[in-house]
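Subject: Structure handover

Hello,

I am passing the structure on to you. Please open it first; my notes on what was found follow below.

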Amino acid sequence: MALISEVADRIYEIRPEGNGFDRFPLCTVYLIVDEKLALVEAGCPIQAPEITEAIEKLVDDVNKISYVILTHSHPDHVGGIGYMAQRMTNIQFIAYPVVGKLLSDQSALAKMMTGFKRTFGEDALDRFGAMLPVGEERFLSIQDGQSIPLGKRELRAIHTPGHDPYHLCFFDTGSKGLFCGDLLGGYLEEIDIVIPPQTVGTDFSLVLKSLEKLSEFNPTKLFFSHGSMVGNVEKHIQNSGKDIKNCQNIVHKGLLAGDDKKKIAEKLLEAYPNLSDMATSQMSDPKYIQRALRWVDSYTWYLKKMNML
Ligand SMILES: [Zn+2]
């Protein structure tokens with residue numbers, strides 16, 4: 001059963017149960033209640049029933065929801081759209097321009113699931129569910145600088161590439177909070193730590209530039225798509241930047257010294273700033289070792305792209 005809490009004025013967090021990495025990659029979905037109702041993120045396909053159930057507790061009719069706003073097209077964020085499109089007949093999906101085309105194409109979805117299996121194991125489909133395509137006509141495109149009016153508040157789109165080229169953050173003028181998707185990574189509220197993105201294909205220099213772009217909005221809260229809402233924004237943004245550089249250096253040094261991937265993964269876990277015993281023990285668990293190796297892969301991919309190896 002999803003955990004529901006009001007984390008800002010009329011913004012409800014719908015969060016999967018579980019601790020730390022056990023919860024990954026299940027997504028936290030937010031419901032914004034204003035003159036128009038909107039969800040931010042759709043979550044994994046397997047989350048669709050419990051997200052719908054949570055919405056039914058908060059809203060008398062799920063068909064009152066106008067929009068599902070998507071920060072980017074990774075399967076753990078958009079996986080539930082096919083189920084939502086069937087269940088909530090009036091909704092439109094809002095995302096970066098190319099995303100609608102991608103998510104309406106069955107062969108593009110199959111490719112995405114292949115990447116997802118590489119990250120989360122061959123049984124990813126059983127654990128997180130299969131995606132259904134949604135007709136392109138159900139999508140509205142949004143670009144950097146455009147806004148989504150919801151009533152008393154609006155959400156301003158900020159193009160924040162790095163984790164994904166089509167990644168958007170959304171600044172809520174009502175709460176002064178920022179829906180940050182995966183730009184900073186995920187937040188482990190149990191230990192108040194942000195874990196930076198670990199996905200192969202992440203351009204870390206673009207992540208750093210995108211983080212800088214956030215300061216002009218001066219958000220007072222971050223609504224994480226993995227984890228929960230958190231204050232102390234400046235500290236978390238600064239730490240994210242530092243952690244990304246630190247992880248990059250560890251992997252770079254290890255690769256230049258000829259260390260194998262497992263050894264580099266262990267160095268990342270040991271040296272990772274502020275990572276507590278809980279996170280370290282979870283990440284050292286054999287079932288997460290594949291995850292830690294992918295963490296190394298993500299920096300290796302980036303260092304090669306930048307011709308640094
Ligand atoms: Zn992502």
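Which residue takes a positive phi in the hairpin of strand 1 and strand 2? The residue is Arg10, with a phi near 60°, in a hairpin that has two residues between its strands. Before going further, please note that this is a predicted model.

Strand 1 and strand 2 pair in the antiparallel sense, over five bridges. Within that pair, Leu3 stands opposite Arg15 in strand 2. The two strands belong to an open sheet of seven strands, ordered 1-2-3-4-5-6-7, and the pairing in this sheet is mixed. Strand 1 and strand 7 (139-141) are the edge strands; each has a single partner strand, so one side of each is left without a neighbour in the sheet. From one strand to the next the twist averages 25°. Further along the order, strand 5 (residues 65-69) and strand 6 (residues 92-95) run parallel and are joined by three bridges. Here Val68 has Phe93 in strand 6 as its bridge partner.

Helix 1

Helix 1 covers residues 48-58, and its buried residues are Ala48, Ile51, Ala54 and Ile55. Because these residues cover an arc of only 125° around the axis, they lie on the same side of helix 1. What do they pack against? The buried residues of helix 1 pack against strand 1 (3-8), strand 2 (11-15), strand 3 (29-33) and helix 3 (81-87). On the other side of helix 1, Glu56 and Lys57 are exposed.

Strand 8 pairs with strand 9 (residues 154-159) in the antiparallel sense, over three bridges. Pro149 stands opposite Glu154 in strand 9.

Positive phi angles

Most residues other than glycine have a negative phi. Two further residues are worth a look on this point. Glu41 is not a glycine, yet its phi is positive, at about 80°. Glu41 sits in the loop between strand 4 (37-40) and helix 1. Is Glu41 buried or exposed? Glu41 counts as buried, because it has 27 C-beta neighbours inside 10 Å. Asn307 is not a glycine either, and has a positive phi of about 55°. Asn307 lies in the segment after helix 11 (286-305). With 6 other C-beta atoms within 10 Å, Asn307 is exposed.

The domain assignment divides the protein chain into domain 1 (3-239) and domain 2 (242-305). The C-alpha centres of the two domains lie 25 Å apart.

Asp22 is in the loop between strand 2 and strand 3. Asp22 counts as partly exposed, because it has 13 C-beta neighbours inside 10 Å. How far apart are the C-alpha atoms of Asp22 and Ser205? They are separated by 29 Å, and the two residues are 183 residues apart along the chain.

Regards

Notes. Residues numbered from 1 in each chain as written. Predicted model: local features only at pLDDT ≥ 70, side-chain atom pairs only at ≥ 80, totals over all residues. Buried ≥ 20, exposed ≤ 12 C-beta atoms within 10 Å, placed from the backbone. Helix = DSSP H or I, 4+ residues; strand = E, 2+ residues; numbered from the N terminus. Arc of directions from axis to C-beta. Contact = placed C-beta atoms within 7 Å. Pairing = 2+ DSSP bridges. Domains from an automatic or database assignment. Axes fitted to C-alpha atoms, helices over the stretch in contact; angles between N-to-C directions.
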